Amino acid sequence: IADVQDDIDHELVSAEKIHAIIEHAAAQASEDYRGKDPLLVAVLKGAVNTLASFSQALSIPCQIDFMSLSSYGSGTVSSGTVTIRQDLSTDVRGRHILIVEDIVDSGRTLAWLVEELKRRGAASVEIFALLEKPARREVDVDVKYKGLEIPDEFVVGFGLDYDERYRNLDSIAVLKPAVYQGEQA
Ligand code: PRP
Ligand code: MN
Ligand code: MG
């Protein structure tokens, strides 16, 4: 395809709305974490855009680190198993961790990560999630800084991918059905 926009059926969340959501959450987190030197942990790859915006919207000092986890293969359905593709480079013992995620779907990725960071000795672990799909939740996850709840549609953009593409859209959008043609449900 010539242009990433060619595959978009419709926009669900505009770039302006995304930034308003992030700024609201970051203002709250800036109050809550003042003096705590938080470590922002972003789950690669989807959380990259959210981390960049969220960290810039914080008014307090923070550190950032990355962990690459995957619960999806190339398709649109969660495999249910979380695997570490790349680990943190920071010792989290005694640290106040704020996980930054693009989306909570089944909740399996975050439920696993929260437990893992606590097991490693973090002083506290909280979550900012830009998007949540409540209809698909399978595991209970306590999201302290909530973004936007969206319906059960497969969405891409602002870090979210379909088969590793469309992460570079600046808004959140739904793809044309033809894009998924051939995928086994
Ligand atoms: C997606 C998304 C979340 C996770 C949410 O990541 O970015 O991290 O799935 O799903 P869950 O709540 O059902 O666990 P994905 O595994 O596709 O990897 P990616 O971030 O590299 O795209
Ligand atoms: Mn992800
Ligand atoms: Mg993905």
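This is a predicted model: local features need pLDDT of at least 70, side-chain atom pairs count only at pLDDT 80 or more; totals for chains, interfaces and linings use all residues.
Modeller: Residues are numbered from 1 along each chain as its sequence is written.

Biologist: Why is helix α1 called oblique to helix α2?

Modeller: The axes of α1 (residues 15-32) and α2 (residues 48-57) come within 8 Å and cross at roughly 50°. Angles under 35 degrees count as roughly parallel, over 145 as roughly antiparallel, 65 to 115 as roughly perpendicular and the rest as oblique, and therefore α1 is oblique to α2.

Biologist: Which residues make the contact between these two helices?

Modeller: On α1 they are H19, I22, E23, A25 and A26, and on α2 they are T50, S53, F54 and A57, where two residues are in contact if their C-beta atoms, placed from the backbone, lie within 7 Å.

Biologist: Why is H24 called partly exposed?

Modeller: A residue is buried if 20 or more other C-beta atoms lie within 10 Å of its own, exposed if 12 or fewer, and partly exposed in between. H24, which belongs to helix α1, has 14 other C-beta atoms within 10 Å, and so H24 is partly exposed.

Biologist: What makes D37 count as exposed?

Modeller: D37, in the loop between α1 and β2, has 12 C-beta neighbours inside 10 Å, and therefore D37 counts as exposed. D37 also has a positive phi of about 45°, although D37 is not a glycine.

Biologist: Why does E164 count as exposed?

Modeller: E164 has 8 C-beta neighbours inside 10 Å, so E164 counts as exposed. E164 is found in the loop between β8 (155-156) and β9 (172-175), and E164 has a positive phi of about 75° without being a glycine.

Biologist: Which residues have the most contacts inside the largest nonpolar core?

Modeller: They are I99, V100 and F128, in a core of 46 residues; a nonpolar core is a set of buried Ala, Val, Leu, Ile, Met, Phe, Trp, Tyr and Cys residues joined through C-beta atoms within 7 Å. Leaving aside its neighbours within four places in sequence, V100 is in contact with residues including L40, V41, L51, F54 and F128.

Biologist: Which peptide bond is cis?

Modeller: The peptide bond from L44 to K45 is cis, with omega near 0°, and K45 lies in the loop between β2 (39-44) and α2.

Methods: Chains are lettered from A and ligands numbered from 1 in the order in which they are written. Axes are lines fitted to C-alpha atoms, for helices over the stretch in contact, and angles run from 0 to 180 degrees between N-to-C directions. Helices (H or I, at least four residues) and strands (E, at least two) are DSSP runs, numbered from the N terminus.
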